[in-house]
Each structure stands twice: as structure tokens, then as C-alpha cells.
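Here are my notes on this model, as numbered points. Have the structure open while you read.

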Amino acid sequence: MAQETSTWRGLLGQIISDAQERQRIADLLRVNPITLTRWANARSKPRAESLRQLIDVLPTQRQRLIELITNEYPRLFAEEEAWQEDIAPLIPSNFYTRVLNIHTTSSLFLRSSAICIAVLQQILAHLDPTQNGMEVCIAQCVPSQSQVTPSNVQQPRIHSLRTTFGRGTPPWNNHENQIVFFGAESLIGQAALRGHYIAIQTRDERQRLFPAHATALEESIIGLPIVRADRVVGVLSIASTQPHFFVSTCLDLAIHYAELLTLAFESHEFYRIQDLDLGLLPPIQRQQSSIANFQLQVTQTMIQAQQQGEPLTRPVAELRTWQEIERRLLHQAWEEA
């Protein structure tokens with residue numbers, strides 16, 4: 001067993017003694033592996049932003065790292081945590097009761113949307129009580145065209161995720177109606193592929209790591225996969241107008257809300273993480289022409305199926321339309337590459 005260390009540099013040294021882990025961390029931080037060794041040996045001093053990112057890429061060591069880093073840099077997290085003191089550190093117990101009640105009393109048709117909307121509204125009320133500006137959304141895996149019904153036993157390959165629910169406080173308005181597809185180029189896509197959260201604490205960091213879907217509104221953003229064991233249904237995304245928002249209390253709460261969202265989905269909606277084969281998709285602005293007039297496209301899909309003697313229910317027609325839009329967007333991104 002590794003000896004307990006009293007400094008963050010010592011802990012980092014233990015972690016990066018594994019060459020593969022050292023390379024993984026270096027890739028995520030966009031630094032040379034030698035730089036990590038120099039930090040661990042106290043031969044160089046990392047920037048404050050690099051220390052915050054280091055905590056994010058080592059979630060299992062997060063609390064210990066925060067304690068040790070604070071010993072050397074006592075003011076590093078003080079500013080971020082001060083304004084979080086007014087945020088309750090736990091999800092209210094009566095909200096858990098409310099979600100369980102929705103889960104047990106709602107019809108199968110309404111259960112998912114009722115739980116998702118309730119959780120998103122609760123996140124806004126809990127994490128942004130003074131309405132400084134927050135956007136929350138859920139992006140779900142888009143089933144492949146080989147899977148139309150839950151009874152299909154094939155293991156589909158998932159090529160994208162699509163927003164299905166969203167809410168926001170100003171400056172995010174009318175977010176409920178915004179649909180976006182996400183692939184491997186996005187924070188949401190990478191969170192799904194890795195099976196653990198990714199937190200971006202500044203706009204510059206977001207622009208550097210995930211420029212395709214970056215906007216001028218969010219300063220910090222987190223993507224949290226909604227998982228059961230090794231299966232993922234989608235990703236909860238929370239964006240804030242405040243930098244370094246997802247530390248301490250707010251980070252813990254975001255993780256717990258993502259866990260709570262697993263109650264909103266049926267087993268067949270979860271896909272093995274190893275079956276995710278995400279493609280690259282165009283930026284938000286270049287997706288809208290394909291998504292516009294969605295209901296008209298659904299109607300056309302139903303008419304065509306009727307003419308071919310294969311009538312479709314509206315839910316199945318909607319799924320096929322989303323799959324066709326996904327196909328066009330993947331092809332569009334391939335042509336633009």
C-alpha cells in the first residue's frame with residue numbers, strides 16, 4: 001500500500017508513477033507529461049487554473065487533493081466557495097419524496113418527462129436561487145436505425161446524443177424548444193464516452209477544449225453522464241454565467257442530481273458505454289436548418305410510410321425523423337471536414 005502523503009505534490013507523484021495514468025492526465029490538461037513530473041518534484045509551480053483542472057481530471061482523489069492543495073494555496077478556492085455558502089449542501093428530502101411519488105404514480109407515457117422537468121426546475125431553484133444565469137439540459141442517446149422498439153435485442157451503435165429537455169434562467173430564454181445534436185466533438189459526447197463528469201471552469205477553457213458548441217453566455221459548464229453501472233442513457237449538462245462554479249458544494253449537488261435522474265428512464269433506454277460510437281457533428285448554428293420544421297418532416301415520414309403500406313405511429317415516425325436528421329448532420333460534418 002502506498003504511504004500516506006502530506007502534500008498534493010506527493011499525492012500527484014504517486015498517481016503519475018503509472019505511465020499510462022501520467023499520459024492520460026497530461027492529455028486532459030494539455031500539458032507535457034514531463035510538466036506533471038516537475039510539479040510533483042516541486043521543480044515548477046503550476047498556474048491556479050491548472051490546479052483547478054487537475055482536481056477535475058482526478059475525481060476519485062478530488063476531496064483529498066482540495067485539502068492538500070489548500071494547505072499550500074489557502075486562497076485558491078476561497079473566492080469560489082464563499083458565494084456557495086448560501087446554497088444548501090444537500091438535495092431537500094421532500095424533493096426525493098416528490099420524485100419517488102412521480103415515479104410510482106405517473107403513467108409510463110408521462111413518467112420520464114415529469115421527472116426530468118421536475119429535476120431540471122429543482123436544479124435551477126437550488127443552484128441558482130438569485131437567478132445569476134443558469135442553463136440545464138438533458139441530452140439522450142439517439143437509438144440507431146436498427147433499434148425502433150424496446151423488444152429489439154440487438155446492441156445498437158450510438159452515433160450521437162440529442163437534447164430532449166431543457167430549462168434556463170436569463171440570459172437563457174425559451175430554452176425548452178432548442179434542439180441540438182452532440183457528438184464526439186462536444187463536452188456532452190465526451191462525458192458519455194468516458195462515463196464520468198467533465199467540468200469546465202472558464203470560458204477560455206471551454207473555447208480551447210470544445211469550441212464547436214461554445215457560446216458567449218456560459219463561463220463554466222459541467223457534463224454529467226446519467227449512468228446505471230456500465231450503461232448510459234444520456235448526459236445532464238449545467239452551465240453557469242459564473243466562472244469556477246462547479247467546485248465544492250455545487251459539484252457534489254450536480255453529481256447527486258444526475259444520479260437522481262436515472263429514475264426517469266426505462267432499462268431499454270440505457271446503452272453500454274462500449275457501444276457508443278459517436279461521430280462528429282456540425283456546430284449548433286449549422287444544425288438548425290436540418291432541425292427546422294421537424295413536425296412537418298414527421299408528417300411527411302408518416303405519409304410516405306402509409307403510401308408504402310407500412311403505417312407508423314407518431315412516436316415511431318418521430319424517432320425515424322430524428323434518425324434521418326442525425327444521418328444528414330453526420331454526413332454534413334464529414335463533407336465539411
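1. Which residues are buried in α5? They are Arg62, Leu65, Ile66, Leu68 and Ile69, where buried means under 20% relative accessible area, exposed over 50%, and partly exposed in between (1.4 Å probe, protein chains only). Helices (H or I, at least four residues) and strands (E, at least two) are DSSP runs, numbered from the N terminus. The buried residues of α5 pack against α1 (8-15), α4 and α11.

2. A word on the ground rules. This is a predicted model, in which local features need pLDDT of at least 70 and side-chain atom pairs count only at pLDDT 80 or more, while totals for chains, interfaces and linings use all residues. Residues are numbered from 1 along each chain as its sequence is written, and side-chain values use heavy atoms, with hydrogens and water left out.

3. Now the inside. The largest nonpolar core has 38 residues, and Val119, Ile123, Leu127, Ile138, Leu236 and Ile238 touch the most other members. A nonpolar core here is a set of buried Ala, Val, Leu, Ile, Met, Phe, Trp, Tyr and Cys residues joined through side-chain atoms within 4.5 Å. At least two residues of this core come from each of α7 (93-105), α8 (108-127), β1 (134-141), β5 (220-228), β6 (231-240) and α11 (248-260). The biggest giver is α8, with eight residues. Apart from this core lies another, of 23 residues, including Ala139, Cys141, Leu276 and Leu278.

4. Histidine 126 sits in α8 and is buried, with a relative accessible area of 9%. Not counting residues up to four places away in sequence, histidine 126 touches Ile87, Ala88, Leu90, Ile91, Pro92, Leu253 and Tyr257. Phenylalanine 109 is also in helix α8, but at 72% relative accessibility phenylalanine 109 counts as exposed. From phenylalanine 109 to threonine 37 is 72 residues in sequence and 54 Å in space, C-alpha to C-alpha.

5. On to the rings. A search of the whole structure gives five aromatic pairs. Rings of Phe, Tyr and Trp (its six-membered ring) pair if their centres lie within 6.5 Å; planes under 30 degrees apart count as stacked, over 60 as edge-to-face and the rest as tilted. Phenylalanine 245 and phenylalanine 246 have ring centres 5.0 Å apart and planes at 75 degrees, so they are edge-to-face. Both phenylalanine 245 and phenylalanine 246 are buried. Phenylalanine 265 and phenylalanine 270 are edge-to-face because their planes stand at 85 degrees, with the centres 6.5 Å apart. Phenylalanine 265 is buried at 2% relative accessibility, and phenylalanine 270 is buried at 4%. Ring pairs also link Phe181, Phe294 and Trp322 into a cluster.

6. Points are joined across faces, edges and corners, and a volume is the space filled by probe spheres set on them. Of the 11 residues lining the largest cavity, Arg52, Ile55, Asp56, Phe246 and Val247 are the closest to its centre. Two or more lining residues come from each of α4 (48-57), α5 (62-72) and α11, and α4 gives the most, with three.

7. The second largest pocket has a volume of about 320 Å³. Its lining has 22 residues, with Glu135, Arg206, His213, Thr215 and Ile284 nearest the centre. At least two of the lining residues come from each of β1 and α9 (187-194).

8. Last, a loop residue to check. Threonine 202 lies in the loop between β4 (198-200) and α10 (203-209), and is buried at 16% relative accessible area. Beyond its neighbours within four places in sequence, threonine 202 is in contact with Glu49, Glu219 and His244.

Terms used:
On a 1 Å grid over the protein atoms alone, a cavity is a set of points where a 1.4 Å probe fits but cannot get out, and a pocket is an open set with protein on both sides within 12 Å along at least five of seven lines; lining residues have an atom within 4 Å of a point. Contact means heavy atoms within 4.5 Å.
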